[in-house]
Amino acid sequence: MPLAAATALVGWFVPLLGISLLVFLAADVALGFAASRRRAGAGAGV
């Protein structure tokens, strides 16, 4: 019975972990893209 409860608990939190990981990854990529465009613009004398 404890193993079934642990399995259910992991099954509940793993999708939530995956969703938050995707959100973090998307934000990291967007911020990295914005920073690289800012650096490229500053180097061009704009």
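## Secondary structure and overall dimensions

The protein chain of this predicted model contains one helix and zero strands, where helices (H or I, at least four residues) and strands (E, at least two) are DSSP runs numbered from the N terminus. Helix α1 covers residues 2-43, and M1 lies in the segment before it. Along its principal axes, the C-alpha trace of the protein chain spans about 65 × 10 × 5 Å.

Residues are numbered from 1 along each chain as its sequence is written, and side-chain values use heavy atoms, with hydrogens and water left out. Because the model is predicted, local features need pLDDT of at least 70 and side-chain atom pairs count only at pLDDT 80 or more, whereas totals for chains, interfaces and linings use all residues.

## Annotated transmembrane region

An unreviewed UniProt entry carries the annotation "transmembrane region" for residues 12-34; UniProt positions are given in the numbering used here, feature names are shortened, and such annotations may be inferred rather than shown by experiment.

## Separations along the chain

For L21 and R38, which lie 17 residues apart, the C-alpha separation is 26 Å.

## Accessibility of the chain and of single residues

Of the 46 residues of the protein chain, 0% count as buried, a class that means under 20% relative accessible area, with exposed over 50% and partly exposed in between (1.4 Å probe, protein chains only). The chain exposes about 4,100 Å², of which carbon and sulfur atoms supply 80%; accessible areas come from the Shrake-Rupley method with a 1.4 Å probe, and for residues only the protein chains shown count as cover.

M1 is exposed because its relative accessible area is 83%. Within helix α1, L21 is exposed at 54%, and V23, in helix α1 as well, is exposed at 53%. A26, likewise found in helix α1, has a relative accessible area of 48% and is therefore partly exposed.

## Nonpolar surface patch

L9, W12, F13, L16, I19 and V23 make a nonpolar surface patch of about 660 Å². Patches are made of residues with over 30% relative accessible area and no salt bridge, like charges being joined within 9 Å and nonpolar side chains (Val, Leu, Ile, Met, Phe, Trp, Tyr) within 5 Å; a salt bridge is a side-chain nitrogen of Lys or Arg within 4 Å of a carboxyl oxygen of Asp or Glu.
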